[in-house]
Amino acid sequence: MALGSYVIADDKATKDSKGFIELSDDGIEIGFWRKGWFIHSYMAEYYQQHYDENEYDFNCIPMQINQEILEVLLKEMTQEYLLDSLSGYSNISDYDIRELQKVISYSKSNPDTPLYFYSWY
């Protein structure tokens, strides 16, 4: 199973009648992770805790994110990466951290642009 996770900047996203986010065709990809299971799992858990406790797949569900979520995720990823490096194996790569830092930088430079996390597998 392949996993692709994205952060999309989209100021034209809408919500449907059930409150689900629909991204527009004009969204811009700000970040991408291939097989970023740590990131996907973190965001899925966040979604369950804050939006829908019965959503277990978290597949193809856009979720709006903000600077606070990104900063906490970076902290969690960095700590996990350091702990895993002691064992010689990590499911988090340098690329994963750099890509998240790039998204955070974009968010800081464009604070009024809504960002959405989206994964599919």
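# Questions on a predicted model

Reader: Which element of the protein has the lowest mean pLDDT, and which the highest?
Author: This is a predicted model. Among the elements of the protein, strand 1 (residues 4-9) has the highest mean pLDDT, 98. The lowest mean, 90, belongs to helix 2.

Reader: What pLDDT does the protein average?
Author: Of the residues, 99% score at least 70. The average for the protein is a pLDDT of 93.

Reader: How far does helix 2 reach from its first C-alpha to its last?
Author: Helix 2 covers residues 67-87, which is 21 residues. At 1.5 Å a residue, 30 Å is expected. The reach in the model is close to that, at 31 Å.

Reader: Within what arc do the buried residues of helix 2 fall?
Author: The buried residues are I69, L70, L73, L74, M77 and D84. In an α-helix, residues three or four places apart point the same way, because there are 3.6 residues a turn. Seen down the axis, the buried residues of helix 2 line one face, so their arc is 130°.

Reader: Which residues are exposed on the other side of helix 2?
Author: The buried face is covered by parts that include helix 1 (37-50), strand 5 (63-65), helix 3 (94-109) and strand 6 (115-120). On the other side, the exposed residues are E68, K75, L82, L83 and L86.

Reader: At the start of helix 2, which residue's backbone nitrogen does a side-chain oxygen of N66 reach?
Author: The side-chain oxygen of N66 comes to within 3.1 Å of that nitrogen. The nitrogen belongs to E68.

Reader: Which residue follows helix 2?
Author: The residue has a positive phi, near 90°. It is G88.

Reader: Is E99 buried or exposed?
Author: E99 is found in helix 3. Its contacts, not counting residues up to four places away in sequence, are I30, G31, F32 and W33. Its relative accessibility is 9%, and the cut-off for a buried residue is under 20%, so E99 counts as buried.

Reader: What is the relative accessibility of I30?
Author: I30 is found in strand 4 (residues 28-34). Leaving out residues up to four places away in sequence, I30 touches V7, A9, E99, K102, V103, Y106 and L115. I30 counts as buried, with a relative accessibility of 8%.

Reader: How far apart in space are I30 and A9, C-alpha to C-alpha?
Author: In sequence, I30 and A9 are 21 residues apart. In space, the C-alpha to C-alpha value is 6.5 Å.

Reader: Are the rings of W37 and Y121 stacked or tilted?
Author: A search of the whole structure finds six aromatic pairs. In the pair of W37 and Y121, the ring centres are 6.2 Å apart. The planes stand at 50°, so the pair is tilted.

Reader: How many residues apart in the chain are W37 and Y121?
Author: W37 sits in helix 1, and Y121 in the segment after strand 6. W37 is partly exposed at 33%, and Y121 is partly exposed at 28%. The pair links distant parts of the chain, and the separation is 84 residues.

Reader: How many residues apart in sequence are the parts that F58 and F117 tie together?
Author: F58 and F117 form a stacked pair, 6.2 Å centre to centre with 0° between the planes. F58 lies in the loop between helix 1 and strand 5, and F117 lies in strand 6. The pair therefore ties together parts whose separation in sequence is 59 residues.

How values were computed. Residues numbered from 1 in each chain as written. Predicted model: local features only at pLDDT ≥ 70, side-chain atom pairs only at ≥ 80, totals over all residues. Heavy atoms only, no water. Helix = DSSP H or I, 4+ residues; strand = E, 2+ residues; numbered from the N terminus. Expected span 1.5 Å × (residues − 1). Buried < 20%, exposed > 50% of the residue type's maximum accessible area, 1.4 Å probe, protein only. Arc of directions from axis to C-beta. Contact = heavy atoms within 4.5 Å. Polar contact = N/O pair within 3.5 Å; in protein donor to acceptor, adjacent residues only side chain to side chain. pLDDT = per-residue confidence, 0-100. Phe/Tyr/Trp six-rings, centres within 6.5 Å; stacked < 30°, edge-to-face > 60°.
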